[in-house]
Amino acid sequence: DAKDETLLSVRSVRKEFGGLVAVDDVSFDVGRAEIVGLIGPNGAGKSTTFNLVTGVLPLSGGEIHFAGERIDRLGPEKIAERRIARTFQHVKLAPAMSVLENVAIGAHLRGSAGLVAGMLKLDRAEERDIFGEAARQIERVGLADVMHRPAGTLALGQQRLAEIARALCVDPRLLLLDEPAAGLRHMEKQALADLIRGLREEGMSVLLVEHDMDFVMRLTDHIVVLNFGARIATGAPAAIQSDPAVIEAYLGS
Ligand code: ADP
Ligand code: MG
């Protein structure tokens with residue numbers, strides 16, 4: 001069964017910022033074609049965990065393995081080349097550029113640096129491929145109508161969808177979504193959940209940070225709960241919902 005195959009393995013990972021332990025000996029796995037929820041109160045260490053997996057921040061301890069390879073010392077560009085893609089809690093689109101142009105950057109680059117120089121060097125055919133792929137992903141997330149508008153004029157929820165489209169352009173094996181449902185209306189959340197389920201159908205793995213518990217509980221195969229940097233629970237959605245330590249953490253926040 002493909003679901004038994006571990007894709008991402010986070011092993012005793014630790015991150016300190018000065019005296020603050022933001023991620024404290026956290027371990028969890030994400031299997032192939034699995035949707036895993038990473039939840040916890042504000043400041044629990046969820047976004048920091050994303051930054052560790054994607055190589056944006058160096059670890060203070062532990063190891064991260066992806067598809068059998070240790071990746072925690074590769075740096076963000078090499079990690080992106082392994083087809084790990086993400087969205088950000090705080091949207092990072094160029095507001096004056098169109099949605100299409102913003103997403104095309106994702107279709108072009110698989111990392112970060114040198115993108116403007118790279119875009120200028122493209123020949124016509126390459127440019128067509130990139131914009132074609134970007135347009136396909138924009139349609140997929142339901143933003144075809146606003147493709148040519150400046151990204152900054154979109155509602156925040158739509159900007160999050162544009163970031164997902166950009167991440168999808170690299171055909172990720174693992175997609176990290178940081179609060180993708182924030183700012184979406186009910187119908188838009190339903191569409192987003194369907195989209196994420198579709199990605200799983202295709203074999204993609206998704207690690208999802210999200211505050212909307214209903215959304216998380218309906219969508220995920222299993223859940224990891226952080227509180228003050230430490231993993232306090234892990235298991236199936238139904239078990240997590242009734243876990244006393246989890247309830248305590250949320251009531252106390
Ligand atoms: P979450 O995403 O779960 O809300 P974060 O991972 O953003 O939490 O933050 C976890 C803790 O680490 C918080 O106390 C936050 O203030 C701190 N933190 C996050 N990033 C940094 C940073 N770059 N420098 C210092 N402290 C940070
Ligand atoms: Mg966060």
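Asp171 counts as partly exposed because 14 C-beta neighbours lie inside 10 Å of it (buried means 20 or more other C-beta atoms within 10 Å of a residue's own, exposed 12 or fewer, and partly exposed in between, with C-beta atoms placed from the backbone). The model is predicted, so local features need pLDDT of at least 70 and side-chain atom pairs count only at pLDDT 80 or more, whereas totals for chains, interfaces and linings use all residues. Residues are numbered from 1 along each chain as its sequence is written, and chains are lettered from A and ligands numbered from 1 in the order in which they are written.

**Positive phi in loops**

- Asp171 is not a glycine, yet its phi is positive, at about 50 degrees, and the residue sits in the loop between helix 6 (156–168) and strand 7 (helices are DSSP runs of H or I with at least four residues, strands runs of E with at least two, numbered from the N terminus).
- Most residues other than glycine have a negative phi.
- Arg83, also a residue other than glycine, has a positive phi near 70 degrees; Arg83 lies in the loop between helix 2 (76–81) and strand 6 (84–86), and counts as partly exposed because it has 16 C-beta neighbours inside 10 Å.

**Helix 7**

- Helix 7 comprises 16 residues (186–201) and reaches 23 Å from its first C-alpha to its last, close to the 22 Å expected at 1.5 Å a residue, where the expected span is 1.5 Å times one less than the number of residues.
- The buried residues of helix 7 are Lys189, Leu192, Ile196 and Leu199, and they line one face of the helix because, seen down its axis, they fall within an arc of 75 degrees (the arc is that of the directions from the helix axis to the C-beta atoms).
- On the face turned away from this buried side are the exposed residues His186, Met187, Asp194, Gly198 and Glu201.
- The buried residues pack against strand 3 (35–39), strand 7 (174–178), strand 8 (205–209) and helix 8 (213–219), contact being C-beta atoms, placed from the backbone, within 7 Å.

**Two domains**

- The domain assignment gives domain 1 (1–83 + 172–253) and domain 2 (96–170), with bounds that come from an automatic or database assignment, and 25 Å separate their centres, taken over C-alpha atoms.
- Their contact takes 15 residues from domain 1 and 14 residues from domain 2; on the domain 1 side, helix 2, strand 7 and helix 7 each supply at least two residues, and helix 2 gives the most, with four residues.

Technical notes:
Two residues are in contact if their C-beta atoms, placed from the backbone, lie within 7 Å.
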